[in-house]
Amino acid sequence: MEAVRKIVTSSTCPSEHASMFLSQYEKTRTYLKQSFNDQAQIDEALKILERTAQTACGRFLIQHSELDIYWSDLLLYNPSQLSSLAKENADEILETLPLVTALRQHIDIRRQILEDNLRNYLTISTLPCNGMGDILSINDKTLHTLRLIGIDTNPVAFEIAFQKAEQKNLSHWLEFLQYDPHHVPLEKDAAHLVIMPGSAYPFGPVIPSITQNLLTNVYQHLQEGGIFLTSLITPSPTTDAASLWDLKAINPSTLHHQNVLFKDILQIKENHTLTVDQLTDQLAESGFQNIEVGFDPAKIMATVVAQK
């Protein structure tokens, strides 16, 4: 506890924020000590809690049980900037977790799909906006001819996207619509690409539940031949005996750390509203064709591409 207190009090965060975190940290320690009978299990959980608390990103996660758009954008799209914020020799345990690894690999897959489909004068909509990390992380002169539409309820997502676009001199091509993605009045036959950013709780805002109405709205928003790019986190082996996860591709130690962090410390419960098969069925029912599914090496994240 004293080691963490020293890190927090020497950080640049306001004193009231430090006090709030330390209060939550102590509550979590107390909960762990009272929740298990096995002392070895308690000691392990306390050690992982302390390791997570060594970075500002980890402390935010402990305090809120999830990352907001700012921290998730740094963790998934700007890891070098995230590392520069950490103190020297800080234990960056979050970067080793299988879900973070899968999300970053998944982002690389999505970026390649986008690059393969880019051409001049496209209209690309992102819902939710989520900082537009997918499209704005691409370095291509084609970006200067694109119309980019971000749809979100969170204005911070727009601020992050605007800052990224300004760095590439693209901010004048951006349009923002502050709507719930389920109820946004999308222009029909307008978009060449619609992106639903990949995210997985607790590392980022929860992507909207993929309902039939949402898919129909997206389908109508796309031009003929347009592409819809979305994703799902697949159920883990702890909740589904038929899980797709390839455990041979996952470091068992980091997977164990992730399980302790999620289930014991953050008390996160998995909640999968759709399987990959259910999503592809819904896409077909909405009229989409040429539906393709790809995975990261561990098959934790599914990347789904469909065409109007």
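# Briefing: salt bridges, sheet and cores

Arg104 and Glu95 meet through their side chains in a salt bridge, with N and O 2.6 Å apart. Both partners of this pair, Arg104 and Glu95, are buried. Please keep in mind while you look around that the model is predicted. The chain has 308 residues, of which 51% are buried, and its secondary structure comprises 12 helices and seven strands.

**The chain as a whole**

- The accessible surface of the chain is about 14700 Å², and carbon and sulfur atoms hold 48% of that surface.
- Among contacts in the chain with a separation of 6 or more, 73% are between residues 24 or more positions apart.

**Salt bridges**

- How many salt bridges does a search of the whole structure find? The search finds eight, and the pair Arg104 and Glu95 described above is a salt bridge with a distance of 2.6 Å from N to O.
- Side chains of opposite charge can pair when their charged atoms come close.
- Arg147 and Glu175 form a salt bridge in which the closest N and O atoms are 2.7 Å apart. Arg147 sits in strand β2 (residues 147-152) and Glu175 in strand β3 (residues 174-178), so this pair ties together parts that lie 28 residues apart in sequence.
- Arg147 has a relative accessibility of 26% and therefore counts as partly exposed. Glu175 also counts as partly exposed, because its relative accessibility is 33%.
- Glu187 belongs to the picture too: Arg147, Glu175 and Glu187 are linked in a network of salt bridges.
- Lys308 and Asp189 meet in a salt bridge between their side chains, at 3.1 Å from N to O. Lys308 is in the segment after β7 (301-307), while Asp189 is in the loop between β3 and β4 (191-195), so the pair ties together parts 119 residues apart in sequence.
- Is Lys308 buried or exposed? At 12% relative accessibility, Lys308 counts as buried, because the cut-off for that class is under 20%.

- Seven strands make up an open sheet with mixed pairing, in the order β3-β2-β1-β4-β5-β7-β6.
- Which strands are at the edges of the sheet? They are β3 and β6 (289-295), each of which pairs on one side only. From one strand to the next, the twist averages 15°.
- Strands β4 and β5 (residues 222-233) run parallel and are joined by four bridges. Val194 stands opposite Phe228, a residue of β5.
- Helix α7 packs on the sheet, where it touches β4, β5, β6 and β7. The direction of α7 makes about 20° with that of β7.
- Helix α10 (residues 212-221) lies across β1 (123-126), β4 and β5. Relative to β5, helix α10 runs at about 145°.

**Nonpolar cores**

- The largest nonpolar core has 44 residues. The residues with the most contacts inside this core are Leu67, Phe203, Leu261, Phe262, Ile265 and Ile300.
- Several helices each supply at least two residues of that core: α2 (15-35), α3 (39-52), α4 (56-64), α5 (69-77), α7 (98-117) and α11 (252-265).
- Another core, of 26 residues, lies apart from the largest one, and its members include Ile69, Ile124, Cys129 and Val305.
- What does Ile300 touch, leaving aside residues up to four places away in sequence? Its contacts are Pro98, Leu99, Ala102, Leu232, Ile233, Thr234, Trp245 and Ile250.

**Two individual residues**

- Thr28 is part of helix α2, and with 6% relative accessibility Thr28 counts as buried. Not counting residues up to four places away in sequence, Thr28 touches Leu49, Ile62 and Ile265. Ile265 is also one of the residues with the most contacts inside the largest core.
- Asn154 is in the loop between β2 and α9 (155-167), and at 28% relative accessibility Asn154 counts as partly exposed. Cys129 is one of the residues of the 26-residue core.

Methods:
Residues are numbered from 1 along each chain as its sequence is written. This is a predicted model: local features need pLDDT of at least 70, side-chain atom pairs count only at pLDDT 80 or more; totals for chains, interfaces and linings use all residues. Side-chain values use heavy atoms; hydrogens and water are left out. A nonpolar core is a set of buried Ala, Val, Leu, Ile, Met, Phe, Trp, Tyr and Cys residues joined through side-chain atoms within 4.5 Å. Buried means under 20% relative accessible area, exposed over 50%, partly exposed in between (1.4 Å probe, protein chains only). Contact means heavy atoms within 4.5 Å. A salt bridge is a side-chain nitrogen of Lys or Arg within 4 Å of a carboxyl oxygen of Asp or Glu. Accessible areas come from the Shrake-Rupley method with a 1.4 Å probe; for residues, only the protein chains shown count as cover. Two strands pair if DSSP finds at least two bridges between them. Axes are lines fitted to C-alpha atoms, for helices over the stretch in contact, and angles run from 0 to 180 degrees between N-to-C directions.
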